[in-house]
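Okay, thanks for coming, everyone. Let me put the structure up, and then I'll talk you through a helix and an interface.

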Amino acid sequence: MMEIETVRRLIAGGLEQSEVQVQGDGRHFEAVIISPVFEGKSLVQRHQMVYALVKKEMESDLLHALSMKTFTPEQWAAQGN
Amino acid sequence: MVNERIKLLIDGSSVVLFMKGDRLFPQCGFSGKAIQILEACGAEFDTVNTLLDEEIRQGIKEFSSWPTIPQLYVNGEFVGGSDIMMDLYESGELHQILS
């Protein structure tokens, strides 16, 4: 079991200038992540960057699933946010 | 060696989904979603049931540097998991990748 805030902090702490929104039930989480470090990175690269931040938790199955939507600040703004 | 087995699977099929369960009976929601997306694209594809093979189940995660299953490979290249597939499907890119 993991706390939403713990997941949020793990991700936000590892990505510069990021905004991270997390929802979840303790094992399955969904995150919206906005950060300029995603600029120029493919979807696979972006997700790998985030997965690297929760590697231990995923390997021990504390974190069972993490769905992600990743944006650069420009992409987020273009969505009308 | 498991990497050789994985390479054979990836090279032996233009579209192959490593998943939990199979096309008729996906065993997890994310694998089920991946199947739905591929079927919505009208794609021909093969599947590998990682629940039946622990070596492949662990091996594919290291092979792809990707910690979760499902995993889609098209023409030998890793495309992503169900999140990325949905993203690409919605943008129309998946249809291009699969054609």
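Helices here are DSSP runs of H or I with at least four residues, strands are runs of E with at least two, and both are numbered from the N terminus. Keep in mind that this is a predicted model, where local features need pLDDT of at least 70, side-chain atom pairs count only at pLDDT 80 or more, and totals for chains, interfaces and linings use all residues. Residues are numbered from 1 along each chain as its sequence is written, chains are lettered from A and ligands numbered from 1 in the order written, and side-chain values use heavy atoms, leaving out hydrogens and water.

Back to the helix. α2 of chain B covers residues 29-40 and reaches 16 Å from first C-alpha to last, close to the expected 16 Å, which is 1.5 Å times one less than its number of residues. Its buried residues (under 20% relative accessible area, 1.4 Å probe, protein chains only) include B:Ile35 and B:Leu38. Among the elements covering them are β1, β3 and α5 of chain B.

Now, the interface. How many residues does each chain bring to the contact? Chain B gives 13 and chain A gives 11, with contact meaning heavy atoms within 4.5 Å. Between them they bury about 1000 Å², 68% of it on carbon and sulfur atoms; that's accessible area (1.4 Å probe) lost on being put together, summed over both. On chain B's side, β4 and α4 each give two or more residues, and α4(B) has the largest share, 4 residues.

Technical notes:
Buried area = accessible area lost by both parts, 1.4 Å probe. Buried < 20%, exposed > 50% of the residue type's maximum accessible area, 1.4 Å probe, protein only.
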